[in-house]
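Welcome! Take a moment to look over the sequence and the 3D view, and then let us walk through them together.

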Amino acid sequence: MGRYIEISILAAARRCGIRLDDRTLGRREVQGYCPFCDGTKNHLFLNTETNQWYCQKCGRGGNAVTLYAAVFGVDNKAAFRELTQDKTLRFTPRKEKARRKPPAALAPLGIRHDIYYDMLSMMDLSEEHRRDLLRRGLSLERIQENRYRSVPADWRQRQKIARRLAERYPLAGVPGFFTRDGGWSLWGRPGFLVPCLSSEGYIQGLQIRLDDTSRGKYRWLSSNPEYGYENGTAACSWVHVTGDLTKDTACVTEGSLKGDVASFLRNDALFVCVPGAGNIEFLADTLAALPNIKRLVGCYDRDQMRNPNITQAVSKMEAEIKARLGIPYEPFVWDDRYNGIDDYLFARKCRLESAA
């Protein structure tokens, strides 16, 4: 029996002409631009240890062979033959990986909530970010209730907040915190923080709505040790729950802030918000924790639903939810002039107010 040949995922990606993010080269996970999505954001993750790939937006994934096969439209057998015959690529027999230090365990939800809640109490919301949230259709009262906060631009201010929190809480296992120069620090980028809530109303994690959207609009508040953050913890793809929990219909959309706005504009309709159409890891468990749910309504952006990879990911989600929970799914379709459900509902509100 021949030896199992393992092909470098980076070499295969380059052979496929995939654009990689140079800033992530040398890390365990290298980011790139998915050839099956719109190709404008680096949603593609290439794991250099397992030689696997996964797109956080469309949900597609596999190994070096399946990536090559999908890009060039050949079967896996032909893809393997072409890759192994290409002398410019690197491939080696599989061997046991060196053991890595296991990452810190994620802190319990109650501890994360207390730490994030107190952290947000130490921060302010800038006037610029407040105006942005008002332009989306939220009221001043709802903005305050949802506890949006601006990320302190000065790293020394973030460090001061982290060290104050460390006097009261164990920060190990809480995404966003890491140690530097013998003390705790807080990661951050310019933007404002959006709490991601569980079905019980606890803060599971935080997303940053970035000021600079040239490489994406959102980032999780995270301190993944694989990226060099000592004693840090990676964020998970949590599902955000917002609105009236007694409702028997839940609307599913992409993004915590979008769900917050849409729920507010629909009189506190219940929204469950996944971080990406393909990121449904916690969706079924979240819906199972909402005992009144009898129907799931899809409210994904209109442009996404014209992407065959997104529609495939949504169909997979629909089948999984129906099989596991018995909850039927149906899409909600609105005017194509408005891409997001939040945009549509805000425009409808403005029309109704103008007509009154």
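## A word to start with

A residue is called buried when its relative accessible area is under 20%, exposed when that area is over 50%, and partly exposed in between. Arg147 shows how this works: its relative accessibility is 15%, so Arg147 counts as buried. Please keep in mind that this is a predicted model.

## The overall picture

Let us begin with the whole chain. The protein chain contains 11 helices and 17 strands. Its radius of gyration is 22 Å, close to the 21 Å that the globule rule gives for 356 residues, so the chain is as compact as a globular protein of that length. Along the principal axes, the C-alpha atoms fill a box of roughly 75 × 50 × 35 Å.

How much of the chain is buried? Of the 356 residues, 49% are buried. Contacts also reach across the sequence: among those with a separation of 6 or more, 61% join residues 24 or more positions apart.

## Two residues with a positive phi in loops

Most residues other than glycine have a negative phi. Arg147 has a positive phi, near 60 degrees. You can find Arg147 in the loop between α6 (140–145) and β7 (149–150).

Asp181 also has a positive value, with phi near 55 degrees, and belongs to the loop between β8 (177–180) and β9 (183–186). Is Asp181 buried or exposed? With a relative accessible area of 73%, Asp181 is exposed, whereas Arg147 is buried at 15%.

Next, turn to helix α4, which spans residues 109–121 and includes Asp114.

Arg112 and Leu197 lie 85 residues apart along the chain, and their C-alpha atoms are separated by 11 Å. For Asp114 and Gly205, the separation is 91 residues in sequence and 11 Å in space, C-alpha to C-alpha.

## A look at helix α3

Phe80 sits in helix α3, which covers residues 76–85. At 34% relative accessibility, Phe80 counts as partly exposed. Between Phe80 and Asn63 there are 11 Å in space, C-alpha to C-alpha, and the two are 17 residues apart in sequence.

## An enclosed helix

Helix α8 runs through residues 256–265, and nine of its 10 residues are buried, so α8 is largely enclosed by the rest of the structure. The buried ones are Ser256, Leu257, Lys258, Gly259, Asp260, Val261, Ala262, Ser263 and Leu265. Just after α8 comes Asn267, with a positive phi of about 60 degrees.

## A cavity inside

Rolling a probe the size of a water molecule over the atoms shows where empty space is left. In this structure there is one cavity of 30 Å³ or more. The largest cavity has a volume of about 30 Å³.

What lines the largest cavity? Its lining is made up of Cys196, Gln207, Trp220, Trp238, His240, Gly255, Ser256, Cys273, Val274 and Pro275. By class, six of these are nonpolar and four are polar, with no charged residues.

## The cysteines

A disulfide is a covalent bond between the sulfur atoms of two cysteines. How many disulfides does a search of the whole structure find? The search finds zero. Cys16 is in no disulfide, and the nearest cysteine sulfur, that of Cys34, is 11 Å away. Cys299 is in no disulfide either, with the sulfur of Cys251, the nearest cysteine sulfur, 4.3 Å away. The cut-off for a disulfide is a pair of sulfur atoms within 2.5 Å.

Both of these cysteines can also be placed on the accessibility scale. Cys16 has a relative accessibility of 13% and so counts as buried. Cys299, at 2%, counts as buried as well.

Key: Residues are numbered from 1 along each chain as its sequence is written. This is a predicted model: local features need pLDDT of at least 70, side-chain atom pairs count only at pLDDT 80 or more; totals for chains, interfaces and linings use all residues. Side-chain values use heavy atoms; hydrogens and water are left out. Buried means under 20% relative accessible area, exposed over 50%, partly exposed in between (1.4 Å probe, protein chains only). Helices (H or I, at least four residues) and strands (E, at least two) are DSSP runs, numbered from the N terminus. On a 1 Å grid over the protein atoms alone, a cavity is a set of points where a 1.4 Å probe fits but cannot get out, and a pocket is an open set with protein on both sides within 12 Å along at least five of seven lines; lining residues have an atom within 4 Å of a point. Grid points are joined across faces, edges and corners, and a volume is the space filled by probe spheres set on the points. Ala, Val, Leu, Ile, Met, Phe, Trp, Tyr, Cys and Pro count as nonpolar, Asp, Glu, Lys and Arg as charged, and the others, Gly among them, as polar. The radius of gyration is taken over C-alpha atoms; the globule rule is 2.2 Å times the number of residues to the power 0.38. Contact means heavy atoms within 4.5 Å.
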